[in-house]
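Reader: I'm new to this one and would like to go through it slowly. Could you show it to me before we start?

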Amino acid sequence: MSMIEKVKAKAKSDIKKIVLPEGDEERTVKAASILKAEGLAEPVLLGSPEKIKAAADKAGADITGIATEDPETSPIAAEYADALYEIRKNKGVTPEDAAKLVRDPMYYGIMMVKTGDADGLVSGAVHTTGDMLRPALQIIKTKPEMKVVSSSFLMDCPNKSLGEDGLLVYADCVVMPAPTAEELAYIAIAAADTAKRLCGFTEPRVAFLSFSSKGSAKHDSVNKIQQAVALAHELAPDLLLDGELQYDAAIVPEIGASKAPGSPVAGRANVLIFPDLQAGNIGYKITQRVGGADCFAVLQGLNMPCNDLSRGCSVEDIVNTVAMTAVQAQI
Ligand code: ACO
């Protein structure tokens with residue numbers, strides 16, 4: 001069974017309510033019909049009933065029995081506005097601003113999750129990553145034990161000798177453009193948690209990536225990775241981690257043994273921490289496009305699960321992302 005098949009089986013075992021703010025978008029409506037029919041989640045589509053119906057007709061999707069809510073006319077919006085005002089008043093948001101914001105499906109959906117009226121949210125087929133992330137960061141915020149929100153890409157590679165039966169977890173490839181050493185340490189801890197809870201890794205083995213392996217090169221940017229490793233050791237003493245390591249030293253056993261002898265993870269890492277967003281984003285795309293890996297993205301560190309889609313996403317991508325969000329909501 002592939003990773004995503006396992007995730008779907010888990011999603012079915014305890015069905016979660018996932019809100020889809022882009023409810024009048026054709027791919028989203030089609031995905032909702034599949035999610036409902038396959039019992040993967042209880043989707044809630046946001047938007048005007050007319051637009052949702054028009055999208056469903058166009059997509060040939062049966063949305064019988066799927067809940068819909070219209071933020072423009074919803075009676076609960078006033079309650080969400082009060083709650084939003086309380087959360088953001090110290091950031092200059094007025095009651096009038098809050099009342100206007102909750103009529104925006106993105107904010108309305110985030111408030112559903114915040115108040116427990118939904119278990120998770122998936123958006124981004126239309127919105128940019130920043131548009132989707134900002135309200136989640138402002139309102140849902142980070143888990144108490146986490147300093148930052150970041151992402152993991154689950155890379156299901158054709159070469160099954162890599163990582164965990166071909167599965168590698170890459171972080172961060174979406175959120176933090178220039179993480180500090182401390183932020184990198186937290187990204188690593190969050191990625192190990194994702195590997196364990198979502199991918200079922202019994203032993204996350206975390207490598208902090210660099211162009212240097214264990215002091216083979218000297219540079220300020222390498223010092224930062226070494227600091228991140230030391231901090232991660234302090235923050236999570238039981239986690240198997242090491243760095244700085246070059247990519248090949250992290251995942252190829254012979255190279256790991258020669259460049260980092262005695263390392264607890266070199267050559268067999270299954271969680272790879274990139275030094276910044278440039279490297280992470282480029283790295284996952286190379287693995288996907290040249291390496292032929294299937295990839296699945298999730299946000300981590302948020303207090304409640306919300307996930308982003310690529311605007312080029314397919315119906316299947318939305319279904320997969322909702323299934324992963326549902327599993328995150330079970331934890
Ligand atoms: N973790 C936790 N909180 C955060 C984080 C974070 N990583 N980043 C920002 N915040 C908080 C801020 O502290 C702030 O909180 P406050 O308003 O309560 O004080 C709030 O979020 C908003 O912060 P801003 O500074 O207004 O937002 P910013 O302009 O920093 O944008 C964003 C944050 C959207 C995540 C930005 O860092 C970004 O655009 N990242 C890159 C996204 C991207 O384009 N990724 C690549 C494409 S995706 C792909 O290829 C799959």
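**Domains, sheets and core**

Author: To begin with the overall layout of this predicted model, the centres of domain 1 and domain 2, taken over C-alpha atoms, are separated by 31 Å. Domain 1 covers 3-141 + 303-329, while domain 2 covers 150-295.

Reader: And how many residues of each domain are in contact with the other?

Author: Seven residues of domain 1 are in contact with seven residues of domain 2.

Reader: Ok, what about the sheet with six strands, what order do they come in?

Author: The order in that open sheet is E8-E7-E9-E6-E5-E10, and the pairing is mixed. Strand E8 (240-245) and strand E10 (294-300) each have a single partner strand and stand at the edges, so one side of each is left without a neighbour in the sheet. From one strand to the next, the twist averages 20°.

Reader: What packs on that sheet?

Author: Helix H8 packs on the sheet, where it touches strand E5 (150-156), strand E6 (167-171), E7, strand E9 (271-273) and E10, and the direction of H8 makes about 160° with that of E9. Helix H9 (residues 220-235), for its part, lies across E7 and E8 and runs at about 170° to E8.

Reader: Going back to E8, how is it joined to E7?

Author: E8 and strand E7 (residues 205-209) run parallel and are joined by five bridges. Ala207 stands opposite Asp242 in E8, and Arg205 has Leu240 as its bridge partner in E8.

Reader: You said E8 is at an edge. How many of its residues are buried?

Author: Five of the six residues of E8 are buried, so this strand is largely enclosed by the rest of the structure, even though one side of E8 has no neighbour in the sheet.

Reader: Now the nonpolar core, please: which residues touch the most other members?

Author: In the largest nonpolar core, which has 92 residues, Leu154, Val206, Phe208 and Ile273 touch the most other members. Helix H8 (residues 181-197) gives the most to this core, with 10 residues. Both domain 1 (3-141 + 303-329) and domain 2 (150-295) give residues to this core, so it lies between them.

Reader: What does Ile273 touch?

Author: Leaving out residues up to four places away in sequence, Ile273 touches Ala171, Leu184, Ile187, Ala188, Ala191, Val206, Ala207, Phe208 and Leu209. There is also a second, separate core of 21 residues, which includes Phe153, Tyr170, Ala249 and Leu272.

Reader: How many disulfides does the structure hold?

Author: The structure holds zero disulfides. For Cys295, the nearest cysteine sulfur is that of Cys173, 9.0 Å away, and for Cys313 it is that of Cys295, 12 Å away.

Reader: And is Cys313 buried or exposed?

Author: Cys313 has 4% relative accessibility, and because buried means under 20%, Cys313 counts as buried.

Reader: Last one, where is Lys141 found?

Author: Lys141 is found in the loop between helix H7 (129-140) and E5, and Lys141 has a positive phi of about 65° although it is not a glycine. Lys214, in the loop between E7 and H9, likewise has a positive phi, near 50°. At 37% relative accessibility Lys141 counts as partly exposed, and at 42% so does Lys214.

Technical notes
Residues are numbered from 1 along each chain as its sequence is written. This is a predicted model: local features need pLDDT of at least 70, side-chain atom pairs count only at pLDDT 80 or more; totals for chains, interfaces and linings use all residues. Side-chain values use heavy atoms; hydrogens and water are left out. A nonpolar core is a set of buried Ala, Val, Leu, Ile, Met, Phe, Trp, Tyr and Cys residues joined through side-chain atoms within 4.5 Å. Buried means under 20% relative accessible area, exposed over 50%, partly exposed in between (1.4 Å probe, protein chains only). Helices (H or I, at least four residues) and strands (E, at least two) are DSSP runs, numbered from the N terminus. Domain bounds come from an automatic or database domain assignment. Contact means heavy atoms within 4.5 Å. Two strands pair if DSSP finds at least two bridges between them. Axes are lines fitted to C-alpha atoms, for helices over the stretch in contact, and angles run from 0 to 180 degrees between N-to-C directions. A disulfide is a pair of cysteine sulfur atoms within 2.5 Å.
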